[in-house]
Every structure is written in C-alpha cells, then in structure tokens.
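Visitor: I would like to understand how this protein is put together. Could you show it to me and take my questions one at a time?

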Amino acid sequence: MTQSLKNVIKALALSTVLATTAQAGQVNIDYYTGFVPSGDGSPFSNLVASDTTPFIRYAMDNWWNWHPFGLGAFGAQMKGTLLVKVAGSYPIALTSDDGSSLYVDGKMVLNNGGDHAQATVLTILKLSAGYHAFVINCWQNGLGASGVDLALPEGRQRGAQGSLG
C-alpha cells in the first residue's frame, strides 16, 4: 500500500474536518429551496437563509439528520478559503447524502453527485503554498439521511485557521 493511500485511509478513519479561513475563520453557506435533483444540485435558486460555520461537518455531527432551518429538501453552497502553508499533495475526502461536489480554485476536484445514500469520494490534491478558494455544492432530496462532511489528513487541521502544512 502506498504512503499516499495510507494517508487517505487515515484521513477517512479520523474524519479530521476542514476548518477554513476567509474572514474570521468562517465558511459562508447559502441555503436554497430550488435545486436540481441530480449531480451536485446546482444551479440553485430561491435563497432562503445564509449562515457561517468554522467546520464542514454536517453528516457525522448531526447523525446524518442535517436539516438546516427546518428544511427537508434543500440545496446548499459553501464558500471559503484554504491556506496552504507548505506546498504538497494532500488527501481530501468528501462524504454526502445526497449529491455534492468540491471545487478548488474554480476546478472540480471531487464529484459525489447524484441521488444516493451516504457515500465518500476521495482524491490526492496537489496544492501550492498560498490561499485557495473552494466551493462545495450539495443537495438533499428530503428523504432519509442527510449531511455533508469534508475531511483532511490527520495533523493538517488548524482550527479556524484552515491551513495545511
């Protein structure tokens, strides 16, 4: 087993969660009642609420029962910035029920789209030192389990600083 694969497995097992820093260590989240019930749910419409969070951990922390603002079926878009202190390759995992996707610097790097039960996708992402904008799109069909988590490797979480390396 390669060291990279071991790091991915460790990241998933520990479910270390990304905390990011754009302003004041927060990820901005917009919630919508209009979404496409496939892929990652985008494009979204009918904004109903906005919020901020230091963590993207809505599946495990809510026992797969995440319904923000009492919404059954909804779409959500999360935006933040990741600070990479040391350039390198980092394992990243995205878990959701239903669909989700992760974009870094405008490029889709993880696609967990579709109407599905709890599922995880992962990648090894090569990042240069500096700031990297990210967007997570996700949706929930209103039936059964609901949530989304973004995990990084052990030792790479820096609380609200959202840094790697």
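Visitor: Which residues does Ile-136 touch, not counting residues up to four places away in sequence?
Guide: Ile-136 touches Ile-56, Ala-76, Gln-77, Met-78, Leu-94, Ser-101, Leu-102, Val-148 and Leu-150, with residues up to four places away left out. A contact here means heavy atoms within 4.5 Å. Please note that this is a predicted model, in which local features need pLDDT of at least 70 and side-chain atom pairs count only at pLDDT 80 or more, while totals for chains, interfaces and linings use all residues. Residues are numbered from 1 along each chain as its sequence is written, and side-chain values use heavy atoms, with hydrogens and water left out.

Visitor: What are the elements of the protein, from the N terminus on?
Guide: They run α-β-β-β-β-β-β-β-β-β-β-β, that is, 1 helix and 11 strands. Helices (H or I, at least four residues) and strands (E, at least two) are DSSP runs, numbered from the N terminus.

Visitor: And how much of the protein counts as buried?
Guide: Of its 165 residues, 47% count as buried. Buried means under 20% relative accessible area, exposed means over 50%, and partly exposed lies in between, with a 1.4 Å probe and protein chains only.

Visitor: How many residues are in the largest nonpolar core?
Guide: The largest nonpolar core has 28 residues, and Ile-136 is among those with the most contacts inside it, along with Tyr-31, Trp-66, Met-78, Leu-94, Leu-102 and Val-148. Such a core is a set of buried Ala, Val, Leu, Ile, Met, Phe, Trp, Tyr and Cys residues joined through side-chain atoms within 4.5 Å.

Visitor: Which strands supply at least two residues of this core?
Guide: Each of these does: β2 (27-34), β4 (73-84), β5 (88-97), β6 (100-104), β7 (107-112), β8 (119-127), β9 (130-141) and β10 (147-152). The strand that gives the most is β4, with 5 residues.

Visitor: Why is β4 largely enclosed?
Guide: Of the 12 residues of β4, 10 are buried, so the rest of the structure largely encloses this strand.

Visitor: Which way do β4 and β9 run, parallel or antiparallel?
Guide: They run antiparallel, joined by 12 bridges. Two strands pair if DSSP finds at least two bridges between them. Within this pair, Leu-83 has Tyr-131 in β9 as its bridge partner. Strand β4 is also joined to β2, by 5 bridges and again antiparallel; there, Ile-29 is partnered with Met-78 in β4.

Visitor: What about β6: how many of its residues are buried?
Guide: In β6, 4 of the 5 residues are buried, so this strand is largely enclosed by the rest of the structure. It runs antiparallel to β7, with 5 bridges, and antiparallel to β9, also with 5 bridges. Ser-100 has Cys-138 in β9 as its bridge partner, whereas Val-104 stands opposite Lys-107 in β7.

Visitor: What do β6 and β7 form together?
Guide: They form a hairpin with 2 residues between them, and Asp-105 in the turn has a positive phi of about 55 degrees.

Visitor: New topic. How many salt bridges are there?
Guide: The count comes to 1 salt bridge, where the term means a side-chain nitrogen of Lys or Arg within 4 Å of a carboxyl oxygen of Asp or Glu. Arg-57 forms this bridge with Asp-61, and their closest N and O atoms are 2.6 Å apart. Arg-57 is partly exposed at 22% relative accessible area, and Asp-61 is partly exposed at 48%.

Visitor: Where is Asp-98 found, then?
Guide: Asp-98 is in the loop between β5 and β6. Asp-98 is buried yet has no salt bridge, and the nearest side chain of opposite charge, Arg-57, is 20 Å away. For charge, Lys and Arg count as positive and Asp and Glu as negative, while His and the chain ends are not counted. The residues that Asp-98 touches include Asn-112, His-116 and Trp-139.
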